[in-house]
Amino acid sequence: MRNRALTSVETAAVDAVDADGLVADLRAAVAIPSTGGSRAECDVQAWAAARLAELGADVDHWRLDLAALRAADGYPGEEVRRDEAWGCVGTVSAGRAEEPALVLAGHLDVVPPGDGDLWVGGDPWTLRETDGRLHGRGACDMKGGVVAVLGAVAALCRAGVRLRRPLAVHAVVGEEDGGLGTFATLARGHRGRACVIAEPTAGDLLVANAGALTFRVEVAGHAAHGATRTLGVSALEAFLPVLDALRDLEARRNAVLPAGFGHLDLAAPISVGTVRAGDWPSTVPDRLVAEGRFGVLPGEAVEQARQELEAAVAAACADDDWLAEHPARVTWSGGQFAPGELPAGDPLADDVAGCLVGLGVRAPERVGAPYGSDLRLYAGAGIPTLQYGPGDISCAHTVDEHVAEADLVTAARAYALLAIRRCGIVSD
């Protein structure tokens, strides 16, 4: 890709990115234990709203109408209980009011940290710095990305850059369990000409997501005393043919990987995450409930994917003496992530790549990912969207999750440069 020289205004904005300020913001964000459905999930949105207001943005900070969203067409599902949730959008522009030329987006909800004693230092909610890495729950996925976005806005302000067309920052919650926050943000009417989601991408551009659907399988057995187990039918053992069928289905669906997914062993994994069976150690379990994640291939309709899993389970039941008379039941709940992708030929990928090359960073690869994200919601609303952000997804959801400080700085510089090139500037 051709290296476009930075203008004096672009150089000033890039040089204005403050590494210490990025770390300070990440420390503040990580300290808010914003797991899905918690009170802190609301608190972190209030923090983002206040931070955007400090940076001079016009802030829309509103309480979500959860009942209306849950009844709306396209509701993406939830896997945690919420009685309250908030949206937050900040808009920066010195020009006329119009649709933002660029949206920089990210989520501030995080998954639970697990056993805090396993974290070095013993506290996942206190940012810890070691060898240029910043550790804490959400540091990588993806408070680091949101902080880089805020750092870009701060740099533009510090450099005195006045954008001709608006730049919008979407800070959302509920991404980890379905995408409620972005769904609500779009429903409120917040849009843009293009969107970059600051998810961790290890320096590459993620231009397509596979989807991910949460499924539930219920298998019946026949209870008996454990001392006379042959008089019963274990629901756990009855589930094994279904599990084998899911493994076979996964292999068939991933036999040929889609374009952009060749770096992966699986584009659409099928994973059983929880299994519950039995209520007493010496009783043959008469019911099993398994819940898992079903990958949806890029370009595949969600309903078609559901039918394929249901058909595989039905076929496994038909081939088993017990399950033929007591078939497993498949239902769908929780997060429902459809696949999504940047339209072929859209200039957004070239624009982001050009910014990175202009900063002296390696030209990024354009890849797909096997996980779902909010990309598909923006894409579904007709907004060209890709993901680029600090950190590596392999660090997400892990003990001692971390992001490199240098990655935060690079991302913030790239966002500031992209904002100038996409939004234009007001000349004095």
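**Entry 1: the second largest pocket.** I noted that strand 14 gives the most to the lining of the second largest pocket, namely three residues. This is a predicted model, in which local features need pLDDT of at least 70 and side-chain atom pairs count only at pLDDT 80 or more, while totals for chains, interfaces and linings use all residues. Residues are numbered from 1 along each chain as its sequence is written, and side-chain values use heavy atoms, with hydrogens and water left out.

I wrote down the terms before going on. A pocket is an open set of points on a 1 Å grid over the protein atoms alone, where a 1.4 Å probe fits, with protein on both sides within 12 Å along at least five of seven lines, and its lining residues have an atom within 4 Å of a point. A volume is the space filled by probe spheres set on the points, which are joined across faces, edges and corners. Strands are DSSP runs (E, at least two residues), numbered from the N terminus.

For this second largest pocket I found a volume of about 230 Å³. It is lined by 15 residues, and Leu206, His263, Val367, Tyr371 and Ile393 are the closest to its centre. Strand 8 (205–209) and strand 14 (366–369) are the elements that give two or more residues to this lining. I then sorted the lining by class (Ala, Val, Leu, Ile, Met, Phe, Trp, Tyr, Cys and Pro are nonpolar; Asp, Glu, Lys and Arg are charged; the others, Gly among them, are polar), and the second largest pocket has 10 nonpolar, three polar and two charged residues.

**Entry 2: the largest pocket.** The largest pocket holds about 780 Å³ of space. Its lining has 26 residues, with Glu176, Ala212, Arg293, Phe337 and His397 nearest the centre. By class I recorded eight nonpolar, 11 polar and seven charged residues in the lining of the largest pocket. Which strand gives the most to this lining? Strand 10 does, with four residues, and at least two residues each come from strand 9 (211–220), strand 10 (270–277), strand 11 (287–296) and strand 12 (329–337).

Three bridges join strand 4 to strand 5 (residues 133–135), and Glu129 has Leu134 in strand 5 as its bridge partner.

**Entry 3: the cysteines.** My search of the whole structure found zero disulfides, a disulfide being a pair of cysteine sulfur atoms within 2.5 Å. Cys395 is in no disulfide either, and the nearest cysteine sulfur, that of Cys140, is 5.2 Å away. Cys395 is buried (under 20% relative accessible area, with a 1.4 Å probe and protein chains only; over 50% is exposed and in between is partly exposed), since its relative accessible area is 13%.

How values were computed: Two strands pair if DSSP finds at least two bridges between them.
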